[in-house]
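Welcome! Here are a few exercises to work through with the structure open beside you. Try each task before you read its solution.

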Amino acid sequence: MTEFVKYSASRLKEKITQDSLTASDIASSVAVRYDKVEEKVKGFAHFNKVVLSERAKELDKKAISGALSKIPVVIKDNICVKDELTTCSSKILVGFRPPYDATVITKLKESGALLLGKSNMDEFAFGSSCETSCYAPTNNPYDTERVPGGSSGGSAALVAADETVLALGSDTGGSIRQPASLCGVVGMKPTYGRVSRYGLIAFGSSLDQIGPITKDVNDCAALLNVISGYDPMDSTSADIPVPDYMGSLVDNVKGLRIGIPKEYDTESMFFDKKVPVNETGVKIKEAIKLLKDLGAEVVDISLPHVKYAVSVYYIVGCSEASSNLARFDGVEYGYRDKEASSLIEMYKKTRGKGLGSEAKRRIILGTYTLSSGYYDAYYLKAQKVRNLIKQDFDNAFSRCDIIMTSTSPETAWPKGLKTKDPLLMYLSDIFTIPANLAGIPAISLPCGYDSQGLPVGLQFMAKYFDEELLIRAAYTYQQNAGWKRKKPEL
Amino acid sequence: MPIKKDVIRYVADLARIGLSQQEEKLFAEQLNHILAYMEQLNMLDTKDIEPMSHAVSMGNILRKDIARSPLSNDDALKNAPEREEGFFKVPKIIE
Amino acid sequence: MSHYITTIGLEIHLQLSTKTKAFCACPNSFGGEPNTFTCPVCLGLPGSLPVLNSQYLRHAIKVALALSSNVSGRMKFDRKNYFYPDLPKDYQISQYDMPLALGGHVDITDGHKTKSIGLTRVHMEEDAGKLIHDNKRASSYVDFNRTGTPLLEIVSEPDISSPEEAYRYLVTIKSILKYLDVSDCNMEEGSLRCDANISIRPKGQQELGTKVELKNLNSFKGVRDALIYEEKRQARMLLDGEVIVQQTRLWNEQKQASEPMRTKEQAHDYRYFPDPDLLPFTIDSVLVEEIRLSLPEMPEEKRERFIRDCGLSEYDASVLVSDRAMSSFFESCVKLYPEPKVIVNWLTGDIQGYLNANNIEFSNMKTTPQQLTGMIRLIDNNTISGRIAKEVLFDMLVTGNSADGIVKEKGLIQISDEGVIEQLAADVLNENPKVVDDYISGKTNALGFLVGQLMKKSKGKANPQLANQIIKKKIEQARE
C-alpha cells in the first residue's frame, strides 16, 4: 500500500486527482503508519482508528471540494474541536469535550481536510520539550531518547515522522518554531491577529497565535491561506485582507536586506547562564552565505533589549496565564476532587491535584507578579521593557526587510536533561520569544543537521503582516539549499 | 528580595492551589532563582516609557446588538462534574 | 445624632436593557429556565473570547452624559481576579484605572434647596451568575443565565450627609435614568442594585470616621432604613467609647438590623491588570456629540419648561418630571386638551392617589390620555358632575375602559332635565320644612344641606348647579 501520508500536501493533492483517491484510502494509510511508528514517537494525545475511519467515510460522502480536501491534519490538543477530547495534555481537563469548534477548525472543515486527532503537548503549552504533558512525553523521531521540543512537540514530531501531512500548533514564546526546528520541519508563527484565537485555550493572550507545522514551505503557505482571516468572535483578530500566500512561493531574494542581530552572536545576553551555541551557529552562517550568493544583502543590526526578552516573557506570560487558568476550578468542566467538603477545599484540591508542576509554578509566579505591591515592579516594568523590544524591531526594520537567526540555541537534547532546572528550560526560547513580544511573524525551516544527525533550524522574522516575505525568503532557501533532506529512521 | 515559604503559601492561596509542604519548599527555591534572574530588568531606566499590553494597535472592535441562539441546557451542562435539574452543582459555600 | 456628622457614599449597579449581553450575543433576558441563555463566552469555556456590544457602549455613554460625567477619550477593560462559583472565568471583566467616565453630579432637591451630589466615576463591567443555596443539603446550585449581563457601576462621592439625602439621591437618579430608556431601574427586580458606605465623626473632627459597607439592600426604603439604623449603631458605639471596625454588614430586612458578614471576606487582592483579550477603546468626540444630541429632554429642562410654558407651579412641575411616564402622559393630554392646570390636578390628585394606594407604577396605568381628556370633556359638557367624575375615574383606572362606556353602563349621566330636578326639589322641600325655615331666617349653609339632599335623592346625578338654582327658586316661589 502506498504510504500517502508520507507525501507533502501539494504532492498528495496531485495524487488524489490523478488516482481518484478517497479519504478512506488516505485514512488507511494513516492507520498503517500509526501502527508502525507511533509506539516510538508517541506524538498523539488522542487518536482513534475507528473514529478516523468513520470520519473519512463522512468526508467521502460530503465530497467537499476545498483547498485541503482529504488532506490529513493533526490538531494540537489545546485547540477546541467540537465534541472531541480537548485536554491541553492536562489532568484537569480530563474528559472535556467542547460544545463548539475553534474558528480555525471551522475553516479546516470547510476546506475539506481530514482531521486525524489531537497531538500531544506540554501541559497548557507550558514547556519547550513536551515533557510536562500528563500523557507520556513525545519523542524526537530523529532520536527517540531526545525531546522533540515544545510545546507543540506532538505536532512537530508527527509531521516529521510522516504520521500526518499537516499539523496545527500554537506559539506563545516559540512553541511552533522551536519544535519544528528540533524535528526538522517547517513551522510558522503568524503576525499576532492574523489567525483567530477563538477556540485556542489561552496561555498568554497577548502572545498566543495558532500556526502551521508542515513538511515544506509550500504546504505552510497552503495551510496559512486556510486558517488566516478576520474573526468577529476574536477582538484581537486583525481586519486585514488575506493575500494568496501561495503567490509568494517565488525563488528570488535579489536585493533582499537580511538583518543579522549582533546580540545573538555573543554570549553577553546570557549573563551568568551560559547556554552553549554549538553547531547551530555554523549551520546558520552557511545559510547566510547561501542567501548572499543568491543576491541578498546582509546587514548588521542591533536589537539591544533582546537580552531581557526571556524575563519580560515569563512575567507577562505567567501573569496572563495565572488569570487564564483560574477557570480550571472543578465547577463547570474537567476534573473535580469529589472528596472535598467545602467549596474552597474543592478549589484547592482540584487544582492541586489536577495541575502539573510546571503549571502550578507558572500560575504562582504569575499571581505573585500581579499581586498588590509587586505589580509595578514586575508586570508594569515588564510591559515597559516589552515596548523597548518592540521599538528595537521597528528600528531594525528601517534598515532591513527580514531578520535572520538560529531558531534554537541548540539541537534536540536528551529527555530529562533540563526538567529539574526551570530557568535553564526557559532559556531554550531565547531566539523565539522576541517575535511574540513584538507580535511580528516568524518562520522556522530546516537548514541541515548537526554532527549527530539532529536537525538544525533557521528562523526568519519580518514586519507585521509581511508573511509573504517570510514565505518568499524561506521558499528561496528551500529550493536552493544544497544539503539533502533525511527522513528519520523509525 | 527572596521569597519565603509563607509568601508561596499566601500566593498559592490567592490562586486556590493546594500545595504540599514539599512543593512549597521547592517552589520557593525555584521562584527565587527565577526572580533573581529577572532582577536584570531593574538595570533599565523605563521612567518615560509607556507600558504596552499589545504589540499591535488595532482597536475599537465592537459587535451589533443582535441575538444568536444560545446553547441548549444540555450542551451547557455537558461537561459538568456534577449537575442537578439544569443547574451546575457545587459544594456549599461556608457562610 | 447632633454630635456627629454623617458621611455616606452610594455605589449603584445598573443592569442595562440591551438585546444581548455585554461580551456575547446571548439574549439579555430576565427569567427563563436555568442555564438556557448561555454560550461558550458567558460560560467561560476554555478558548472563548469576549467581544464588546456596541449598544452597551452607547447606553453607557448616554448615562454618563445624563449624569454630567466626563466621558473618557480612551478607556480599557481590566480583569478583576477572584474565585467564586457564579464567576465562570474566576475573573470579572471590569474597568479599573481607565473607566468609561469620571466625575459628574446628581442634583437633589429638598423643597427649595438644591444640593449637588458629586460622582466619582461611571464604569462598565459584566454581571455574575446566580447562586442558589440549599440549606438542607451541603450543595449550592449555579445558574449562569445572568452572567455577562451588561452593568454600569455608578459611584458617588461621599457627599451625602443623611439617610434621607441618600433616599432622595436614589429617587432622583432613577428618574433621570428612566428618561434614558436604558434600564428598568427596578431595585425589587434587581435591575438596580445599591451598596452603601457610611461613617460618622464627631463635629469638629476633620478626619472621616471608619467606613462601614452595607449590602443586601433591596429597596430605596431599605437603603434609608439601613442607613438610619447604622447611623444610630455607630453613634451608640462612639458614645460608649468603642472603636468602629471597618467591615461589611448585611442588612436584614426582617430584623430591621445590620449584621456583620460572616464569610471570611478578607481584603481581596483583585490583581487588576488590562484584559489582553480586549484592546483599548478610543471614544471619539463625534460619537459622544451624536449621543448627546439624541438625549431626550432631561427632567431639569422639562421642569423649567412646564413652569415657563404651562404656568405650572414648581411643586406640580417637580412631581410630573419625577416620573417620566407621568410627564409623557401629561404632555399627551395637554395636546388633546390644552388646559395644563386641569390635567395636572387630576394627575397629581386622584390618579396618583389611586396608583399609590394600589402600588402601581405610573407606566403600568391602564387609562390613556385620550380617555382622561375624554372624561374631562364629559364634565365640561355637563354630562357628568365633578363629583360623579371621580367615581367614573376610579372605574376607568380599574378597568381601563373609557368614561363614555362607564357612564352609560352605570347610568351616571347627569340629570339636567329641569322638570325632574323640580320634582326632586319639591320633595326635598316638603320633607325638610325646618331647614327651609332656617334658610329663610338667614342660615345660608341650610341651602347646602337641601341641595345635598336633592343630590342624594338623585344618587348624585343631578346637575349640582341646577339643583342649587332650582331649590333657591322654589323657596323664593314658596315665600311669595
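**Exercise 1: a helix in chain C**

In α8(C), the residues Pro340(C), Ile343(C), Val344(C), Trp346(C), Leu347(C), Ile351(C), Gln352(C), Tyr354(C) and Leu355(C) are buried. Buried means under 20% relative accessible area, exposed over 50%, and partly exposed in between (1.4 Å probe, protein chains only). Helices (H or I, at least four residues) and strands (E, at least two) are DSSP runs, numbered from the N terminus.

A word on the model: it is predicted, so local features need pLDDT of at least 70 and side-chain atom pairs count only at pLDDT 80 or more, while totals for chains, interfaces and linings use all residues. Residues are numbered from 1 along each chain as its sequence is written, chains are lettered from A and ligands numbered from 1 in the order in which they are written, and side-chain values use heavy atoms, with hydrogens and water left out.

*Task.* Find what the buried residues of α8(C) pack against, and check the span of the helix.

*Solution.* 
1. The partners of these buried residues are α5 (299–310), α6 (314–321), α7 (324–336), α9 (369–380) and α10 (386–399) of chain C; contact means heavy atoms within 4.5 Å.
2. The expected span is 1.5 Å times one less than the number of residues.
3. Just after α8(C), Asn359(C) has a positive phi of about 55°.

**Exercise 2: a covered strand**

*Task.* Which strands of chain C are joined by bridges to β13(C)?

*Solution.* 
1. Strand β13 (residues 192–202) of chain C is mostly covered, with 9 of its 11 residues buried.
2. β1 (residues 4–15) of chain C runs antiparallel to β13(C), joined by 11 bridges; strands pair if DSSP finds at least two bridges between them. Here Thr7(C) stands opposite Ser199(C).
3. β14 (residues 212–217) of chain C is also antiparallel to β13(C), with 4 bridges, and Cys194(C) stands opposite Leu217(C).

**Exercise 3: a residue in chain A**

*Task.* Is Thr405(A) buried or exposed?

*Solution.* 
1. Thr405(A) lies in strand β9 (residues 402–406) of chain A.
2. Its relative accessible area is 4%, so Thr405(A) is buried.
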